[in-house]
Amino acid sequence: MNRQFTRDTLGRSVDDITGSRRMRRNRKADWTRRMVQENRLTADDLILPIFVVAGENRSEPIEAMPGLFRLSPDLAARKAERAAELGIPAIATFPAIDAELKDNSGSHILNPDNVINQASAAIKKAVPKIGVITDVALDPFTDHGHDGVLRDGEILNDETVAQLTEAALLQAEAGADIIAPSDMMDGRIGAIREALDRNGHQNVGIMSYATKFASAFYGPYREAIGTQGLLKGDKRTYYIDPANSDEAVREAALDVEEGADMIMVKPGLPYLDIIFRLKQTFEMPTFAYQVSGEYSMIKAAAQNGWIDGEKVMMETLLAFKRAGCDGILSYFAEEAAELLQKT
Ligand code: PBG
């Protein structure tokens, strides 16, 4: 047999160069590719974030997040039913608060009957088996859009922690299974853990937004919860500088010490290195939040026909798994779980 090898300038064949190691052998067919696949995405990996708004049978499209809606508690419960049907283990709620209820300290967060608590109760009643994760932060409730009490241009740490701790207790009482503080105040994980334990909520978990970066990817979320245009200044005195990685590890270490059951990195895709480091360092259940800007960029490019939206969605979700995530909060959760069910 006359085998023809292309030779390089030194006269070497490909087998001379690779020592006959050929990576493509394992990629040659669908069955080999399935056999060697290292990571896989399932519905169990997905957490569905939803936006909740007061009222009944209220569903408002969010312009900057095509396909998503603000839902009143009754419709949030329907959405939770759908999520459970798809095998999604948990739903995370974010409130859009009517402007007249907002003030400097975000006091409406301490109303036991506010929309986030109504939504938890409605969801738990309709779908007891789905996990409810509530965001604890003041920004939906403050008239300045910051995550803390603002005084003389400063976000007050300890006053904010005291308020968030109260709010977390109310959320636990309303039925939240996991409290997710997203404010980045110092000491809030320890304070909330202690308050939960003292009040009989030992089984309520804490998913800490351990490393939340001062990111521009949160843009569309501000429209979703109605805080666009409100924010004075930026959040760099409490969120982490996107330039920093060691600081993110130290920040997460504190949350783990203070009693977080799970840690989260936010945003997601631009911070896969942080996810990888935290998973390696702490061996904790580690989550990513694929945030609003990440969702909207993919949707917008897909709507323009510039990318295949479904494929890019699935590729990004799988990338989180590869980086070490145990799960992903993603606005794509429902769509991705539907796709997984079909295939
Ligand atoms: C603040 C909070 C933010 C998000 C959820 N909770 C960020 C912010 O407004 O600064 C962003 C979520 C997203 O962009 O999808 N507590």
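Where is the place of Ser20? Ser20 sits in the loop between α1 (14-18) and α2 (30-36).

## Model and overall shape

This is a predicted model: local features need pLDDT of at least 70, side-chain atom pairs count only at pLDDT 80 or more, and totals for chains, interfaces and linings use all residues. Residues are numbered from 1 along each chain as its sequence is written.

The protein has 12 helices and 12 strands. Both are DSSP runs numbered from the N terminus: helices are H or I with at least four residues, strands are E with at least two. The radius of gyration is 23 Å, close to the 20 Å that the globule rule gives for 343 residues, so the protein is as compact as a globular protein of that length. That radius is taken over C-alpha atoms, and the rule is 2.2 Å times the number of residues to the power 0.38. Along the principal axes, the C-alpha atoms fill a box of roughly 85 × 40 × 40 Å.

## Backbone exceptions

Most residues other than glycine have a negative phi, and most peptide bonds are trans. Ser20 has a positive phi, near 65 degrees.

The peptide bond that joins Lys266 and Pro267 is cis, with omega about -10 degrees. Pro267 lies in the loop between β10 (262-266) and α9 (272-282).

## Helix pair α3 and α4

Two packed helices are described by the angle between their axes and the distance between the axes. Axes are lines fitted to C-alpha atoms, for helices over the stretch in contact, and angles run from 0 to 180 degrees between N-to-C directions. The axes of α3 (residues 73-85) and α4 (residues 115-126) come within 8 Å and cross at roughly 45 degrees. That makes α3 oblique to α4. (Under 35 degrees counts as roughly parallel, over 145 as roughly antiparallel, 65 to 115 as roughly perpendicular, the rest as oblique.)

The crossing is right-handed, meaning that the near helix is turned clockwise from the far one by less than a right angle. Pro73, Asp74, Ala76, Ala77, Ala80 and Glu81 of α3 make the contact with Val115, Gln118, Ala119, Ala122, Ile123 and Ala126 of α4. Contact requires C-beta atoms, placed from the backbone, within 7 Å. By class, the contact has nine nonpolar, one polar and two charged residues. (Ala, Val, Leu, Ile, Met, Phe, Trp, Tyr, Cys and Pro count as nonpolar, Asp, Glu, Lys and Arg as charged, and the others, Gly among them, as polar.)

## Helix pair α5 and α6

Helix α5 (residues 157-174) and helix α6 (residues 188-198) have axes that come within 9 Å and cross at roughly 40 degrees. α5 is therefore oblique to α6. This crossing is right-handed.

From α5, the contact uses Val161, Leu164, Thr165, Ala168, Leu169 and Ala172; from α6, Arg188, Ala191, Ile192, Ala195 and Leu196. The classes are nine nonpolar, one polar and one charged.

## Helix pair α10 and α11

Helix α10 (residues 292-303) packs on helix α11 (residues 309-323) at about 155 degrees, with the axes 9 Å apart. That makes α10 roughly antiparallel to α11. The crossing is right-handed.

Here Ile298, Lys299 and Ala302 of α10 meet Gly309, Val312 and Met313 of α11. Four of these residues are nonpolar, one is polar and one is charged.

## Around the ligand

The residues around the ligand are Asp135, Ala137, Asp139, Asp147, Ser182, Asp183, Tyr218, Tyr221, Arg222, Lys235, Val291 and Ser292.

Key: Contact = placed C-beta atoms within 7 Å. Near = placed C-beta within 6 Å.
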